[in-house]
Amino acid sequence: MPLNLFSMDFFCILQDFLSVSFLEFGSNIKTFAINPEVTAEKLLEQCAVKFGVSESSDHCLYLVVEEKSMRLAADAVPHQLKSGLRKRQPQKDYYFIYKPADQPEETANPPIKDLPPF
């Protein structure tokens, strides 16, 4: 049975996609079809494969919300963060980036699991 583009089933399937940029926003964007409960740790593994990164242990997943970059904790659930951002009013621009954690200011702050107040 084909999916109706206006059905809830189709909408739920679309929500299971997560776009991630490599190194900087808009650069080499890959879309991941992942289960909504997947942790950042598991997504990091998929990013390493899809972006062809052999030294994946020094890479992190970041959530950037209106120019503020936040490193995700291993047990953070990216879909929950995405969902929380989509529900906030006013909605804020956000994106996910996979890149090395080589900047001291990026590693100085503890990684996030939940959305901070904005």
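Is Glu-66 buried, partly exposed or exposed? At 46% relative accessibility, Glu-66 counts as partly exposed; buried means under 20% relative accessible area, exposed over 50%, and partly exposed in between, with a 1.4 Å probe and protein chains only. This is a predicted model, in which local features need pLDDT of at least 70 and side-chain atom pairs count only at pLDDT 80 or more, while totals for chains, interfaces and linings use all residues. Residues are numbered from 1 along each chain as its sequence is written, and side-chain values use heavy atoms, with hydrogens and water left out.

**View 1. The whole chain.** The chain has four helices and five strands, and read along the sequence these follow the pattern α-β-β-α-β-β-α-β-α. Helices (H or I, at least four residues) and strands (E, at least two) are DSSP runs, numbered from the N terminus. Of the 118 residues, 34% count as buried. The chain exposes about 7500 Å², of which carbon and sulfur atoms supply 54%; accessible areas come from the Shrake-Rupley method with a 1.4 Å probe, and for residues only the protein chains shown count as cover.

View 2. Five strands form an open sheet of mixed pairing, in the order S2-S1-S5-S3-S4; two strands pair if DSSP finds at least two bridges between them. Strand S2 (30-33) and strand S4 (68-71) stand at the edges with a single partner strand each, so one side of each is left without a neighbour in the sheet. From one strand to the next, the twist averages 35°. Helix H2 (residues 40-51) lies across strand S1 (17-22), S2, S3 and strand S5 (94-100), and runs at about 135° to S2. Axes are lines fitted to C-alpha atoms, for helices over the stretch in contact, and angles run from 0 to 180 degrees between N-to-C directions. Contact means heavy atoms within 4.5 Å.

**View 3. The loop between S3 and S4.** Strand S3 (residues 59-65) pairs with S4 in the antiparallel sense over four bridges, and Val-64 has Ser-69 in S4 as its bridge partner. Glu-66 lies in the loop between these strands and has a positive phi of about 45° although it is not a glycine. Glu-67 lies in the loop between S3 and S4 too; its phi, near 75°, is also positive in a residue other than glycine. Glu-67 is exposed, with a relative accessible area of 72%.

**View 4. The largest nonpolar core.** This core has 24 residues, and Val-20, Leu-43, Phe-51, Leu-63, Leu-72 and Tyr-98 have the most contacts inside it. A nonpolar core is a set of buried Ala, Val, Leu, Ile, Met, Phe, Trp, Tyr and Cys residues joined through side-chain atoms within 4.5 Å. Two or more residues come from each of S1, H2, S3, helix H3 (78-87) and S5, and H2 gives the largest share, five residues.

**View 5. Around Leu-63 and Leu-72.** Leu-63 sits in strand S3 and is buried, with a relative accessible area of 0%. Not counting residues up to four places away in sequence, Leu-63 touches residues including Leu-72, Leu-81, Phe-96 and Ile-112. The C-alpha atoms of Leu-63 and Ile-112 are separated by 9.1 Å, although the two residues are 49 residues apart along the chain. With neighbours within four places in sequence left aside, the contacts of Leu-72 include Ala-40, Pro-78 and Pro-111.
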